[in-house]
Amino acid sequence: MEMDMNVQEKKAGFFQRLKDFPSKLKDVVTKRVKNVLMFGKDDPRRIIHSMKVGVALTLVSLLYYVRPLYLSFGVSGMWAILTVVVVSEFTVGGTLSKGLNRGFATLTAGALGVGAVHLARFFGHQGEPIILGILVFSLGAAATFSRFFPKIKQRYDYGALIFVLTFSMVAISGYRTDEILVMAYQRLSTILIGGTVCILVSIFVCPVWAGEDLHKMVANNINKLANSLEGFEGEYFPLPEKISNETNSCVREYKSILTSKGIEDTLANLARWEPGHGRFRLRHPWKKYLKIAGLVRQCAFHFEILNGYVLSNYKAPEEFQNKIQEPIATMSREAGEALKAIAKSIKTMSKDTARVNAHIDNSKTAVGNLRIALKSSYPETDKDLLEIIPGVTMASILIEVVNCVEKISEAVEELSGLAHFKETLDPKILSAEIGQHQLLHRGTVKPVLDGDNGEEDTDSSPHVLINVHDEQPPATTGKNSLGVEKNIV
């Protein structure tokens, strides 16, 4: 009886699972689709890049579909499709890097391969494989060893790999065929066609520039530093009524900078392959971005140490904190404003040296005030000294952060000169020029008689009446309000 009940329960459970399967499948599919849509929405360029690869593959497949082209290249048309697959990269710099590396490596290796086959044939049928083996071993080993050099590894590693592959295939396959020149011509032509199609599609169809991504990344990282610096005061000297998770998120923004070196190096390497575009000239100083990024990362490491003091339960006495709070608040605020001005200068590619230097000078003044406060708070006993050590250490690290901000400013100033940043006109000067322009073009001048008696003969009078039409808001009061005449004698 119990066995029958167990069997019935198992059957009921099976039918229930079978009944729930469509709804569960629908939920899983819906969740996956939402994740894909969210992933594409996060960076729509990924979807565009996928379509670009599809377009390039469709174009090179015409080498097979169009009969005259197929008769010219034969089955070697597959090399064009293979080239599109391996050369297509997300950025223009990546595509150019792989495309040019593959093209030059194939051309060089193909020529050497054909030459090696003809040279080996001078040694007869028995000596030919020996000579080919020696040449394949020598050039293959030399090209592979060259990949260990840092500069070659960084920029030409893919080209060295294709060189070894192409030379070996041409040299070895040439031993069994007499049409080595035809085979080399077909393969080289189809590879060049595939690479050219990839490069043209990458540049002219919604291009993604590695240099532009690097430019934005450096500016955004500086902005993250500014936000972390401005939120530091609220973290270390929290007010009970202002404790919130928003401040914590601002202070933690620097953490993504600590692991950004690999991406920055890759983008800078790919940016060197790109032609001039938009605001970036042909020989744009991309290496300077790496210098700035290194200084920003160094500053972020200081923040990592400061974060340890923020989270620590051991802090300086409240009296000591009250003495150093004002200069520290000024330091963090002014240094943060300087970083924001620097980030804006990079984003807009314009010089704003006066504003940046003003904030840095203010932060240096606050550093001097902080040192005075620290000297005035020197403890009388060793016990008191141990209590204020965390606060003193935190202050010294913050001083180093201000020094890092100044170094970042100097590096950006050097970049602005090499990259030809545009000059920013001071708003005060601009306002003065606009006011002068309005004064010259919005007034009327007429002569006035000495006795103000209204006579018509005015040529002999040295006095004039100037009507200045001031375009201030109607709320302005006083003698210079709208429509008042000013007598200048």
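Predicted model: local features only at pLDDT ≥ 70, side-chain atom pairs only at ≥ 80, totals over all residues.
User: Why is the pair of Phe163 and Phe167 called stacked?

Analyst: Two rings pair if their centres lie within 6.5 Å, and planes under 30 degrees apart count as stacked. The centres of Phe163 and Phe167 are 6.3 Å apart and the planes stand at 5°, so the pair is stacked. Phe163 and Phe167 are both buried.

User: What makes Tyr254 and Phe303 a stacked pair?

Analyst: Their ring centres are 5.8 Å apart and their planes lie at 25°, so this pair is stacked by the cut-off of under 30 degrees. The pair links distant parts of the chain, 49 residues apart: Tyr254 is in the loop between α13 (245-251) and α14 (261-271), and Phe303 is in helix α15 (residues 286-311).

User: How do you know whether Tyr254 is buried or exposed?

Analyst: Buried means under 20% relative accessible area. Tyr254 has 0% relative accessibility and therefore counts as buried. Phe303, at 3% relative accessibility, also counts as buried.

User: How many aromatic pairs does the structure hold, and which residues do ring pairs link into a cluster?

Analyst: There are eight aromatic pairs. Phe145, Phe148 and Phe149 are linked into a cluster by ring pairs.

User: Which ring does the charged end of Arg46 sit over?

Analyst: That of Phe39, with the charged end 4.1 Å from the ring centre. The charged end of Arg155 sits over the ring of Trp273, 4.9 Å from its centre.

How values were computed. Residues numbered from 1 in each chain as written. Heavy atoms only, no water. Phe/Tyr/Trp six-rings, centres within 6.5 Å; stacked < 30°, edge-to-face > 60°. Buried < 20%, exposed > 50% of the residue type's maximum accessible area, 1.4 Å probe, protein only. Helix = DSSP H or I, 4+ residues; strand = E, 2+ residues; numbered from the N terminus. Lys NZ or Arg CZ within 6 Å of the ring centre and 35° of its normal.
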